[in-house]
Amino acid sequence: MLTDDQWSRIADFLPGKSTDRGRTAADNRLFVESVLYIARTGCPWRDMPKEFGNWHSAYVRFARWETKGVWDQIAAALQRDADLEELFIDATIVRAHQ
(Lines give C-alpha, C1' and ligand atoms only; values in the text may rest on other atoms or scores of the structure.)
Protein backbone atom coordinates (compact mmCIF):
# COMPACT_ATOMS: atom_id res chain seq x y z
CA MET A 1 0.00 0.00 0.00
CA LEU A 2 2.75 2.46 0.90
CA THR A 3 5.22 3.36 -1.80
CA ASP A 4 8.91 3.50 -0.92
CA ASP A 5 8.79 7.29 -1.16
CA GLN A 6 5.85 7.53 1.23
CA TRP A 7 7.53 5.15 3.65
CA SER A 8 10.80 7.09 3.63
CA ARG A 9 8.91 10.28 4.57
CA ILE A 10 7.49 8.79 7.79
CA ALA A 11 9.96 6.07 8.79
CA ASP A 12 12.11 8.37 10.93
CA PHE A 13 9.15 9.42 13.10
CA LEU A 14 8.25 5.88 14.15
CA PRO A 15 9.46 4.34 17.41
CA GLY A 16 11.32 1.05 17.41
CA LYS A 17 14.21 1.95 15.08
CA SER A 18 17.54 0.25 15.70
CA THR A 19 18.91 3.61 16.93
CA ASP A 20 16.14 3.94 19.57
CA ARG A 21 16.54 2.70 23.13
CA GLY A 22 14.65 -0.44 24.02
CA ARG A 23 13.20 -3.11 21.78
CA THR A 24 13.45 -2.82 17.99
CA ALA A 25 10.08 -3.01 16.23
CA ALA A 26 9.45 -6.18 14.25
CA ASP A 27 7.96 -4.52 11.16
CA ASN A 28 6.81 -0.92 11.40
CA ARG A 29 5.91 -0.75 7.72
CA LEU A 30 3.50 -3.70 7.90
CA PHE A 31 1.96 -2.23 11.06
CA VAL A 32 1.41 1.20 9.46
CA GLU A 33 -0.13 -0.49 6.43
CA SER A 34 -2.50 -2.39 8.73
CA VAL A 35 -3.58 0.89 10.35
CA LEU A 36 -4.13 2.43 6.91
CA TYR A 37 -6.21 -0.60 5.93
CA ILE A 38 -8.43 -0.18 9.00
CA ALA A 39 -8.78 3.56 8.33
CA ARG A 40 -9.57 3.05 4.64
CA THR A 41 -12.09 0.23 5.00
CA GLY A 42 -13.62 1.19 8.34
CA CYS A 43 -13.70 -2.45 9.41
CA PRO A 44 -13.39 -3.42 13.07
CA TRP A 45 -9.95 -4.38 14.33
CA ARG A 46 -11.15 -7.98 14.80
CA ASP A 47 -11.83 -8.23 11.05
CA MET A 48 -8.33 -7.16 10.02
CA PRO A 49 -6.86 -9.65 7.48
CA LYS A 50 -4.44 -12.22 8.88
CA GLU A 51 -1.68 -10.95 6.53
CA PHE A 52 -1.27 -7.98 8.87
CA GLY A 53 -0.74 -10.16 11.93
CA ASN A 54 -2.64 -10.44 15.19
CA TRP A 55 -5.40 -7.82 15.35
CA HIS A 56 -5.16 -7.36 19.11
CA SER A 57 -1.40 -6.73 19.03
CA ALA A 58 -1.92 -4.20 16.24
CA TYR A 59 -4.65 -2.43 18.20
CA VAL A 60 -2.57 -2.27 21.38
CA ARG A 61 0.39 -0.88 19.42
CA PHE A 62 -1.89 1.65 17.69
CA ALA A 63 -3.26 2.83 21.05
CA ARG A 64 0.24 3.05 22.55
CA TRP A 65 1.44 5.20 19.64
CA GLU A 66 -1.63 7.42 20.01
CA THR A 67 -0.84 7.96 23.69
CA LYS A 68 2.78 8.83 22.85
CA GLY A 69 1.70 11.28 20.12
CA VAL A 70 3.40 9.40 17.28
CA TRP A 71 0.41 9.83 14.94
CA ASP A 72 0.35 13.58 15.63
CA GLN A 73 4.05 13.84 14.75
CA ILE A 74 3.50 11.97 11.49
CA ALA A 75 0.52 14.16 10.57
CA ALA A 76 2.46 17.35 11.34
CA ALA A 77 5.41 16.19 9.22
CA LEU A 78 3.20 15.30 6.27
CA GLN A 79 1.25 18.57 6.50
CA ARG A 80 4.48 20.54 6.07
CA ASP A 81 4.94 18.90 2.67
CA ALA A 82 1.35 19.28 1.49
CA ASP A 83 1.05 19.63 -2.27
CA LEU A 84 -1.97 21.81 -2.92
CA GLU A 85 -1.12 22.44 -6.56
CA GLU A 86 -4.13 20.42 -7.65
CA LEU A 87 -7.07 20.67 -5.30
CA PHE A 88 -10.52 19.62 -6.42
CA ILE A 89 -13.65 20.57 -4.50
CA ASP A 90 -17.12 19.80 -5.76
CA ALA A 91 -20.64 19.28 -4.46
CA THR A 92 -19.86 15.76 -3.27
CA ILE A 93 -17.46 17.23 -0.70
CA VAL A 94 -18.99 20.60 0.18
CA ARG A 95 -22.60 20.90 1.28
CA ALA A 96 -24.35 24.22 1.79
CA HIS A 97 -27.83 25.32 2.75
CA GLN A 98 -29.86 27.25 0.20
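Helix H1 (4-10), helix H3 (55-68) and helix H4 (70-80) are among the elements that cover the buried residues of H2. The model is a predicted one.

Helix H2 runs over residues 28-41. It has 14 residues. From its first C-alpha to its last it reaches 20 Å, close to the 20 Å expected at 1.5 Å a residue. Its buried residues are Asn28, Phe31, Val32, Glu33, Ser34, Val35 and Ile38.

Take Asn28, which has its place in helix H2. Is Asn28 buried or exposed? Its relative accessible area is 10%, and buried means under 20%, so Asn28 counts as buried. Which residues does Asn28 touch, leaving out those up to four places away in sequence? They are Trp7, Leu14, Pro15, Arg61 and Trp65. With Arg61 there is also a polar contact, side chain to side chain, at 2.3 Å.

Now step back to the whole chain. The protein chain has four helices and zero strands. Along the sequence the pattern reads α-α-α-α. The chain has 98 residues, and 27% of them count as buried. Consider next the contacts with a separation of 6 or more. Residues 24 or more positions apart account for 50% of these contacts in the protein chain.

What follows H2? Just after the helix, Gly42 takes a positive phi of about 75°. Then look at Cys43, in the loop between H2 and H3. Cys43 has a relative accessible area of 19%. The limit for buried is under 20%, so Cys43 is buried as well. Cys43 touches Tyr37, Ile38 and Met48, not counting residues up to four places away in sequence. Ile38 is itself one of the buried residues in H2.

The next helix is H3, at residues 55-68. At its start, a side-chain oxygen of Asn54 reaches to within 2.7 Å of the backbone nitrogen of His56. H3 has 14 residues. It reaches 20 Å from first C-alpha to last, close to the 20 Å expected at 1.5 Å a residue.

Which residues of H3 are buried? They are Ala58, Arg61 and Trp65. Seen down the axis of H3, these buried residues fall within an arc of 65°, so they line one face of the helix. What covers them includes H2 and H4. H3 is followed by Gly69, whose phi is positive, near 85°.

One more feature remains, a pocket. Rolling a probe the size of a water molecule over the atoms shows where empty space is left. The second largest pocket has a volume of about 230 Å³. Its lining consists of Leu2, Gln6, Arg9, Ile10, Val32, Val35, Leu36, Ala39, Trp71, Ile74 and Leu78.

Which helices supply at least two residues each to this lining? They are H1, H2 and H4. H2 gives the most, with four residues. Val32 and Val35 belong to the lining, and both are among the buried residues in H2.

Note on methods
Residues numbered from 1 in each chain as written. Predicted model: local features only at pLDDT ≥ 70, side-chain atom pairs only at ≥ 80, totals over all residues. Heavy atoms only, no water. Expected span 1.5 Å × (residues − 1). Buried < 20%, exposed > 50% of the residue type's maximum accessible area, 1.4 Å probe, protein only. Contact = heavy atoms within 4.5 Å. Arc of directions from axis to C-beta. Polar contact = N/O pair within 3.5 Å; in protein donor to acceptor, adjacent residues only side chain to side chain. 1 Å grid on protein atoms, 1.4 Å probe; cavity = no way out; pocket = protein on both sides within 12 Å on 5 of 7 lines; lining within 4 Å. Points joined across faces, edges and corners; volume = space filled by probe spheres on them.
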